[in-house]
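Here are some notes to read alongside the structure. Please keep the sequence open as you go through the points.

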Amino acid sequence: MEVVRSQKQALSYAASSDNVSTIPLYRTPPTLEVRLDDFERFAVDRLLVLRGISDALARGKKPDEMEKLVSDLWKANMRHPQASEAINKDIISHFVLRLVYCRTEELRKWFLSMESTLFRYRFRVESSHVHKALMTELGIPYKGVTNEEFMGLKDKLGLVARSVGQTPPTSNGSYYKVPFEEVPELVASRRVFIQKGYAYVALNQVVSFVVPHFRSELSKALVITNRKWTSMIREQEKDRLTPIVEALSTSYLGPDYGQDKALGEISLKDIDQVARASFPLCMQHLFNTLREDHHLKHGGRMQLGLFLKGVGLTLDDALAFWRAEFSQKVGTERFDKEYAYGIRHNYGKEGKRTDYTPYSCQKIILSTPGVGDHHGCPYRHFSEENLRAALGKMGVSSHASDDVINKAKSRHYQLACTLTFEALHGASCDAGINHPNQYFSDSQKILNEKDNGPDVDVYCGDSVYTSHDLIAQEKKQGQNGALNKATDDLDEFWARLVALTYEHMGGEKEIELEDVLQFINNINGCTHIRHIRFPYYQCMFIATCFVVVGFGTHVGLLFRVASAGVRLTVSYSTLVLMEEPPILYKAKEDIRGFH
Ligand code: SF4
């Protein structure tokens, strides 16, 4: 692809119609001229689509959801008012990313998988004429079933079609005869009729063998591109394209977290508490290691130092913070001589005076920590055992840790981090975690909202507190034994509640959380109940109905009936000591009485 600063010419792809595909097969690089800024901008737009697909796949979205998501992502990022320009953008962006993602096995694998998925869902929504045209273009050799063969198999084909909820075939020409090993997904899900080693694939199922053809072509093309890139292009383009290409695979596409002004500054006296509550695991690990070892190697100093700058630590505080730790290991004089420069450099006060920005997840995940290094992403760089221990230390339950570890094992590191965030904050993070500083700012927003939440009365034994008082007291105390005790008490309470629900349901099936909530619902008339445990605050107002409060050894349950606008407390001990369901019914009577 020639890249010069001049006007583009349109490719000769036709605009969309029923019979003409708008999906290119990307067989030859375009010969058109591309402006350098379009070169990068188009690639970034396509990358947003591919990363959206990657995230959705990791979250286990179903095919129908994927179809909608791919269409939405495409419309949001790849559209152009002129059809010919949209097709140009499609082709150019694909070939730029091919250069970006051909360079290592890992990059190739990711790109191949995302491009094949993108192709699959774009292909699915095309008409059958387009399907046939693309199959011919791809050189797929399978022929349609002859009329004679079709008439002989019509009943059997009809049976299979009905069993998968499709209309039985009425004419030939709508089936392809394909060696059965070419369509393993159809065979495994029994959605195809097989005879004498051939699968009879309906026209609306051809995506099953078209995508592997597309994938196989792209896979070979990526290897060839890599050879050309390393042997010639990288050197030839070292001043122009190479820096763009090398930056794109680690580029972060979200907001700039240079210094998050929205959250103001953090002060040194709060830093331990803030780290515990709102730092992602990568930064907690560096922070704790620094506190214990009083030293971090260069990679760790850069990763943590820039993150702290991004969360609002001023240069003076940063110098004081690092000096306080390093001086315990190397002495103040050596710190000032050898290490203070690097900190000032990060803040743009030395050298080229660049105002460096904090590292994104992508960059951290792709880093390669060596022996004695502590930087990197724990979801990628920790062993399973270490990751489990680290999650436990953060306060993630063992059940949630299992999910996190599964995601990390399947190499969805950012999703693993997102699940950790959700488990710790009791709130969903639909956008996913893309940047450590985003983790921090999202966390702070949630915690601040909780701080400013409604101030409800909380009854603990004979005393009445306000929820804001409790939060303030808990903050002062930090995460201490009282919290653990309260958490244990709540676990016991829930275990008993589950047992009661089970009995109430006649012991017939496994209990789901939904059943328990429904059971409580029937008792107190609330419309929505959630049980959320969170490591830092014991007190939280939840939606319309239910507050769990732990304070010292007293645990109270506050049922808030929003519709009636009244509150009632039922002491924890009353509920926990209940052995029989009738006592819960007694609670119901109490609530009625209170109304
Ligand atoms: Fe840090 Fe990002 Fe890894 Fe989370 S996913 S631990 S924020 S690098």
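**Notes on salt bridges and the ligand shell**

1. The side chains of Glu106 and Arg411 form a salt bridge, with N and O 3.7 Å apart; the term is used when a side-chain nitrogen of Lys or Arg is within 4 Å of a carboxyl oxygen of Asp or Glu. This pair links distant parts of the chain, 305 residues apart, since Glu106 belongs to helix 4 (residues 105–124) and Arg411 to the loop between helix 18 (398–409) and helix 19 (413–425). Helices here are DSSP runs of H or I with at least four residues, numbered from the N terminus.

2. This is a predicted model, in which local features need pLDDT of at least 70 and side-chain atom pairs count only at pLDDT 80 or more, while totals for chains, interfaces and linings use all residues. Residues are numbered from 1 along each chain as its sequence is written, and side-chain values use heavy atoms, leaving out hydrogens and water.

3. Glu106 is partly exposed at 32% relative accessibility, and Arg411 is partly exposed at 44%, where the label covers values between buried (under 20% relative accessible area) and exposed (over 50%), with a 1.4 Å probe and protein chains only.

4. Asp336 and Arg323 also form a salt bridge, their closest N and O atoms being 3.1 Å apart, and this pair joins helix 14 (residues 332–346) to helix 13 (residues 315–330).

5. The ligand is surrounded by residues including Cys282, Cys361 and Tyr379, each shell residue having a heavy atom within 4 Å of the molecule. Helix 15 (361–365) and helix 16 (378–381) each give two or more residues to this shell.
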